[in-house]
Amino acid sequence: MNIIINGQAENIAGENLSVAKLLALKNVEAPDMVSVQLGGEFVPRADFETAKLKENDTVDFLYFMGGGGGGGL
Amino acid sequence: MLSISRRILAEIYAHGLRDRPLEACGYLAGRDRLVCRYYPLTNVDKSPEHFTLDPAEQFAAVRSARQYGCNILAVAHTHPASPARPSPEDIRLAYDPDILYVIYSLLEPPTVKAFSIRRGQAVAAELNIEE
């Protein structure tokens with residue numbers, strides 16, 4: 001299946017590929033801390049297992065980014 | 001290692017001053033470890049002690065960077081009242097192993113440092129400042 005993943009065209013073996021499976025294939029260690037857009041639309045984390053990719057889909061994922069200095073010295 | 005111009009550092013600093021006392025944050029995009037663009041993003045926490053990037057803005061910045069042939073090289077954030085070193089929260093929440101973390105302290109004198117943070121370990125990264 002041909003998919004554009006984070007801007008790169010890739011061929012992923014198999015069909016019926018879920019977002020969760022794709023993140024596993026891409027070695028994402030903390031999928032709960034990843035945001036995913038499929039065709040430019042956010043995929044709720046609760047739907048990662050059920051949202052399926054199809055030929056020529058465009059999927060982007062990126063990690064939660066946060067932190068903080070804690071204020072004082 | 002990350003190379004960055006004084007002009008882009010000045011952009012981060014100016015963003016930090018604008019948002020102070022809140023933490024300011026953004027993405028640094030570039031190629032071959034050379035930063036060519038700063039994307040100031042919204043700190044949705046609106047806090048002087050924490051920051052979280054807005055995911056919708058993250059995606060928009062990533063796509064914009066791609067149009068320039070760039071990747072996201074680092075996330076930058078300011079510490080308005082603490083040194084330029086990763087806090088325990090910075091380390092705990094550093095999930096992306098592929099980018100660097102740039103911290104700009106607004107304490108006098110202002111200082112900026114870069115770190116690699118992987119699996120709970122922060123290691124200083126060389127920051128090459130170019131004219």
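**Labels and their grounds**

Colleague: Which residues of H2(B) are buried?

Modeller: This is a predicted model. In H2(B), B:Gln58, B:Ala61, B:Val62 and B:Ala65 are buried. The cut-off is 20 or more other C-beta atoms within 10 Å of a residue's own.

Colleague: What puts them on the same side of H2(B)?

Modeller: The arc they cover around the axis is only 100 degrees, so they share one side. In an α-helix, residues three or four places apart point the same way.

Colleague: What covers the buried residues of H2(B)?

Modeller: The cover includes E5 of chain A. From chain B it includes strands E2 (25-31), E3 (34-41) and E5 (71-79).

Colleague: How do you know that the span of H2(B) agrees with its 13 residues?

Modeller: H2 of chain B covers residues 55-67. B:Gly69 follows H2(B), with a positive phi near 75 degrees.

Colleague: Why are E1 and E5 of chain A said to pair?

Modeller: Pairing takes at least two bridges. E1 (residues 2-5) and E5 (residues 58-63) have two, in the parallel sense, so they pair. A:Ile4 stands opposite A:Thr58.

Colleague: What makes E3 of chain A a partner of E5(A)?

Modeller: Five bridges join them, and they run antiparallel. At least two are needed, so they pair. A:Val36 has A:Phe61 as its bridge partner.

Technical notes: Residues are numbered from 1 along each chain as its sequence is written. Chains are lettered from A and ligands numbered from 1 in the order in which they are written. This is a predicted model: local features need pLDDT of at least 70, side-chain atom pairs count only at pLDDT 80 or more; totals for chains, interfaces and linings use all residues. Helices (H or I, at least four residues) and strands (E, at least two) are DSSP runs, numbered from the N terminus. The expected span of a helix is 1.5 Å times one less than its number of residues. A residue is buried if 20 or more other C-beta atoms lie within 10 Å of its own, exposed if 12 or fewer, and partly exposed in between; C-beta atoms are placed from the backbone. The arc is that of the directions from the helix axis to the C-beta atoms. Two residues are in contact if their C-beta atoms, placed from the backbone, lie within 7 Å.
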